[in-house]
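Thank you all for coming.

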Amino acid sequence: MDRKWQVFILVAVSVFMSTLDSSIVNLALPYIMADLSGDMGSVQWVVTVYLMVVSSLLLTFGRLSDILGRPRVYRLGFGMFTLGSFCCGLSGTLGWLVLSRALQAVGASMLMACSPAIVVDVFEPENRGKALGLVGACVASGLTLGPVTGGLLLEYFSWPIIFYINIPVGLAALVYSRKVWNGGISDAGTSPGRGGCEKLDLSGSFFMVGMVAALVMGLIRSPEWGFFSLKAMGCWGAGAGAGAGLFNSLGRAAQPLIDPGLFRIRLFIFPLAAAVILFMALFTLIFMMPFYLTLVCRFSPALTGLAMIVPFLVLLVVSPLAGSLADRLGSRRLCLCGMGCLALALVLSAGLSPLTDFSAVAMRLALAGLGTALFISPNSMVLMGAVPADRRGIASGAMATARNMGMVAGVALASGIFSHTFTGLTQGMGLDRYTPEMAPLFMAGFRHVMAAGAGAAVLGMGVTLARGDESGWKQRGHSNQEDKR
């Protein structure tokens, strides 16, 4: 087998494993809460700590992979994710499980930070879109199979099994990675790192962790606390203070965490912003749809789960095709079309009613999946291709951070808008006191959320248009030395 495809298998396994695990954990929360004698506020930290740690460390590990080499960081990530999974399965208390999830998240952030950069490293420019599309298909596979696999496992085993299944996969991947990379040598095409030539900007990393962790915490908890509550304002203030410290560090460090020159690359900044917007718009729909299907349409749990699989099935099928098309047609038209499809899906979703049948709902979710698939691979391809080879790690980490922040922001936006509308119409009553007579009031809040999501997608179309296309960049020879081989 060609060495680049051997490397791709490693990337595919890590992406599939991490997405499968995250979707299964959400399904297992009620079982964890009952077994470890926790409450809803405590058990949500199993998910929250994972999001916070992953999001805050992605850029640091992306930069570290530029310095030490992606094979080394990637293997360490596999090891820590596997160890964290083992500790999660052994957890006898909720506090130990949360700490183990934090360890697992450190490993996951290493894997996520390196994955796109490794793919871009080993594949020729004309095949990168296809390869990144296949990575997107692996993400979709994990998200699609997660609920199904989790349901079967939890039907016959206790919740620790969802963590133990990662152990044999992780160990096998570690053994295979040593064979492929032969101890870190870059004959697989991946960056070997710069060794002692560069050092990690520790102060910049510290401020980055603080900024992202504070913002993620604020976005996750502000729908519960209130966006302008004292706790939320404390998170915004801490995030702003850490951001100011990071900005100061970038100007003073000899080798800053983020190369300031990247902010002058149009095809890095604009695709990064567009990615945040796309995932924010998408997750307004993904977050609200289960409530609509369960409470308003009175769908069974099985039918609701089947509907929510639809966009990921479309993503699984279309992502490789979109990547291949981007290799031939360029990325901007596909990204623009994808963002437009998502905007249309949100507009159509605003027209749903309590009497809408399954096929109409599935059509809207499929359209959202189509738009996402048309956008992700081409956008990733142009962003990763626009930066120098020795900065691909930080670019990969930035892209993963943008995705996570967009998801969290989308959930916070949807939750905030819906809660404000619904509680205002019900004189303060929440969804925990929902009755069928409240369906028109629910739909009012639902439509406001869909309108906000559609507005975000339209903004994303503008950002995509403003970035320009990559033809001029390629003609000016901004590709790195590896691309010229």
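Which residues does Gln-104 touch, not counting residues up to four places away in sequence? Before I answer, please keep in mind that this is a predicted model, in which local features need pLDDT of at least 70 and side-chain atom pairs count only at pLDDT 80 or more, whereas totals for chains, interfaces and linings use all residues. Residues are numbered from 1 along each chain as its sequence is written, and side-chain values use heavy atoms, with hydrogens and water left out.

Now the answer: Gln-104 touches Asp-21, Tyr-50, Met-80, Phe-81, Gly-84, Ser-85, Cys-88, Phe-163 and Asn-166, where contact means heavy atoms within 4.5 Å. Gln-104 sits in helix H5, and by helix I mean a DSSP run of H or I with at least four residues, numbered from the N terminus. With a relative accessibility of 0%, Gln-104 counts as buried; buried means under 20% relative accessible area, exposed over 50%, and partly exposed in between, with a 1.4 Å probe and protein chains only.

Asn-379 can be described in the same terms. Its place is in helix H14, residues 358-385, and Asn-379 counts as buried because its relative accessible area is 2%. Leaving aside neighbours within four places in sequence, Asn-379 is in contact with Pro-271, Ala-274, Ala-275 and Cys-335.

Ser-22, in helix H1 (residues 3-35), is partly exposed, with a relative accessible area of 23%; Ser-22 and Ala-102 are 80 residues apart in sequence, and their C-alpha atoms are 13 Å apart in space. Arg-298 lies in the loop between helix H11 (266-296) and helix H12 (301-329), and Arg-298 counts as exposed at 58% relative accessibility. For anyone who checks backbone torsions, Arg-298 has a positive phi of about 60 degrees although it is not a glycine.

On the surface there is a nonpolar patch formed by Leu-83, Phe-86, Leu-90, Trp-96 and Leu-99, with about 530 Å² of accessible area together. Patches are made of residues with over 30% relative accessible area and no salt bridge, with like charges joined within 9 Å and nonpolar side chains (Val, Leu, Ile, Met, Phe, Trp, Tyr) within 5 Å; a salt bridge is a side-chain nitrogen of Lys or Arg within 4 Å of a carboxyl oxygen of Asp or Glu. The areas come from the Shrake-Rupley method with a 1.4 Å probe, and for residues only the protein chains shown count as cover. Helix H4 (70-90) and helix H5 (94-122) each supply at least two residues of this patch, and H4 gives the most, with 3 residues.

Next, the aromatic rings. A search of the whole structure finds 13 aromatic pairs, meaning rings of Phe, Tyr and Trp (its six-membered ring) whose centres lie within 6.5 Å, with planes under 30 degrees apart counted as stacked, over 60 as edge-to-face and the rest as tilted. One of these pairs is Tyr-74 and Phe-78, which is edge-to-face at 5.5 Å centre to centre and 85 degrees between the planes. Both residues lie in helix H4, 4 residues apart, or about one turn of the helix, and both Tyr-74 and Phe-78 are buried.

Finally, confidence. The mean pLDDT, the predictor's confidence in each residue from 0 to 100, is 82 for the protein, and 91% of its residues reach 70 or more.
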